Amino acid sequence: MVSSTLASDTRSEGASTAPSETSPQELRRQSRRSKRGGSLASDAVRRLLRNKLAVAGGLVVIALCLVAIFADVLAPYAYTKTNFGRLNEGPSLDYPFGTDQLGRDVLSRIIYGARISMLVGVGAQIIIVLIGVPIGALSGYLGGRTDLALTRIIDVMYAFPRLLFVILVMSMLGAGLANIFIAIGVTGWVGIARQTRAQVLALKEKEFADAARALGAGGSRVLARHIVPNALTPIVVAVTFGIPEAIFTEAALSFIGVGINPPTPSWGQMVGEGQQYLRSYWHLCVFPSIAIAVTMLAFTFLGDGVRDALDPKLQ
Amino acid sequence: MPGIKDEVLIYATRRILWLVPTLMAMALVTFLVMHATPGSPLDPIAEGANPLSPEAQRNLAAHYGLDRPLWEQFAIFVAKAVQGDFGSSFVYRSRTVAEIIGEALPVSLMLGAMAMAVAVAGGLALGVVAAVHQNRTWDYVSVSVATAGVAVPNFVLAVFLIILFSLVVPLFPTGGWESPRAWVLPTLTLALGPLGIVARFTRAAVLDVVRADFTLTARAKGLSEAPVIFKHVLKNAMIPVVTVLGPMFAAIGTGSFFVESIFRVPGLGRFFVLSMTGRDYPMIMAVVLTYGAFLAVMNLAVDLVYGFLDPRIRY
């Protein structure tokens, strides 16, 4: 949903920076660049690095990954370490973000929470790509009855309110990290399958596909080596936006208590528990809320930047 | 050749007829997920629940028809559901599912309608302001608000709003649904995300239209800024904006669970997870189908409005 929203935003922004605004110098610079043999990918990276918001978002994302990887080193306390002498304390020197209802350090729990968020964000996308891309590609390439059957399934899944279905699957399977992967994977592949299908439909009639076939390549080779690689751009964009969506889904599930099992900390779970004591102990809820907000914004900015950098209409 | 009115009528009828198989498929998927996963309503896994004796389990299963073959259970459900009979809740045993939904749905609908109104009005205003002041302060302000609204999950927004407007500046109550004052924060929380979507789309659409020839014509014939924006630009910019109303309904529908639980609003969202974790089969089916039907009808309405706004559309 979000990605479609953003896609059309670009289109008109692309129109707003129409060729008329491109100066001759800029054009010359561009042609020199292409003579230098810059590939599509390195061009995209250059455009991405020019986008300040995207770079800022990217830096935050890198920082989050580092926090997640080095949580053991960074966290001042173990996330299960309780201190019953100091329950529900506000921020202090010992505990910069305060302590929770069991006297655990909120900062340490947030640091470990980054681990769950990143793991779910990236892991779920891998599963989604592994399910969605082959289904979409087959559906688009084979056409006919296979396509009809797969599109029907995709349509039904699409009609389902996504989060509702994830919550349904999670409450039935029970909380836990592995089940979160299953729930997000089972429900999330639809969007990417749709996009891959549309791309493949458009690409399979192109001359390069015909050429590959004329040279004797079989259907699966044409699909895997020629068509799918050319359909990668929208898939990359969908994945960039899929990561924060998965992070949001995990946070939402943990918030209502069907996500990550305690005592493993997750930001959503901390907000969900803290929100009940918001009046008396604001710090329980505010810090994990800020962590979620910053993460989501960083990924959104990065995703916007990646999409703009890859969108051929802006070139 | 049929007239335009007939065309719309045929299109609408076909879409309404499609509703039936779609809802059936949703019911079937939900039913399968419920029964294919481990656990049963007779053997509660909830904390502190007393295990039932095998004999009592058998009696209860017979009473609720859970001992019949699955296909028979599903057939019975469908046969009764078409008559509006969803059975009685397993958890709230003295009440039928239809009663509970009849009581809770209007509250959710009211909250949703208010959020929708705020989102559309606010989003349009923000989008137009941003486009008219493109790349100036107001543009950045409204784009920031829109991005934050889209990217930050609504339960996190809720935490920030409660802290700001209930605890720091005690303007509104932290929860409840008794007085119009209590409506403000839940409505605002629910509206911010969709408002961001509408604002982004409006901005993009207005920027597109502002450069169109007919706008130039309107300016050339001497119209001042206000009538150009309101009469010519906004009317045409509305067309793409209408397409996001569908996803918006979905966002408001599923978002309402979090908002309703944080602000203790007695709507349908409250039963959303309670019924799922409690394995309240009749409630789960009814809640899923209510949301599904609501979304499908709203999407149909959106498509019809779209055709009405843009006479170029043919069904």
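Where in chain B is confidence lowest, and where is it highest? I looked this up before anything else. The lowest is helix α9 (residues 225-243) of chain B, at a mean of 76, and the highest is α6(B), at 89. The score is pLDDT, the predictor's confidence in each residue, from 0 to 100. Helices are DSSP runs of H or I with at least four residues, numbered from the N terminus.

I noted the ground rules. This is a predicted model, in which local features need pLDDT of at least 70 and side-chain atom pairs count only at pLDDT 80 or more, while totals for chains, interfaces and linings use all residues. Residues are numbered from 1 along each chain as its sequence is written, and chains are lettered from A and ligands numbered from 1 in the order in which they are written.

Chain B averages a pLDDT of 81, and 93% of its residues score at least 70. I read ipTM 0.79 and pTM 0.80 for the model.

Next, the interface. I found 45 residues of chain B in contact with 40 residues of chain A; contact means C-beta atoms, placed from the backbone, within 7 Å. Helices of chain B that each supply at least two residues to this side include α1 (4-36), α7 (180-210) and α12 (281-309). By class, the side of chain B that touches chain A has 34 nonpolar, nine polar and two charged residues.

Last, A:Arg115. I placed this residue in helix α6 (residues 106-142) of chain A. A:Arg115 is buried because 21 other C-beta atoms lie within 10 Å, the cut-off being 20 or more. Beyond four places in sequence, A:Arg115 is in contact with A:Ala68 and A:Ala71.

Terms used. A residue is buried if 20 or more other C-beta atoms lie within 10 Å of its own, exposed if 12 or fewer, and partly exposed in between; C-beta atoms are placed from the backbone. Two residues are in contact if their C-beta atoms, placed from the backbone, lie within 7 Å. Ala, Val, Leu, Ile, Met, Phe, Trp, Tyr, Cys and Pro count as nonpolar, Asp, Glu, Lys and Arg as charged, and the others, Gly among them, as polar.
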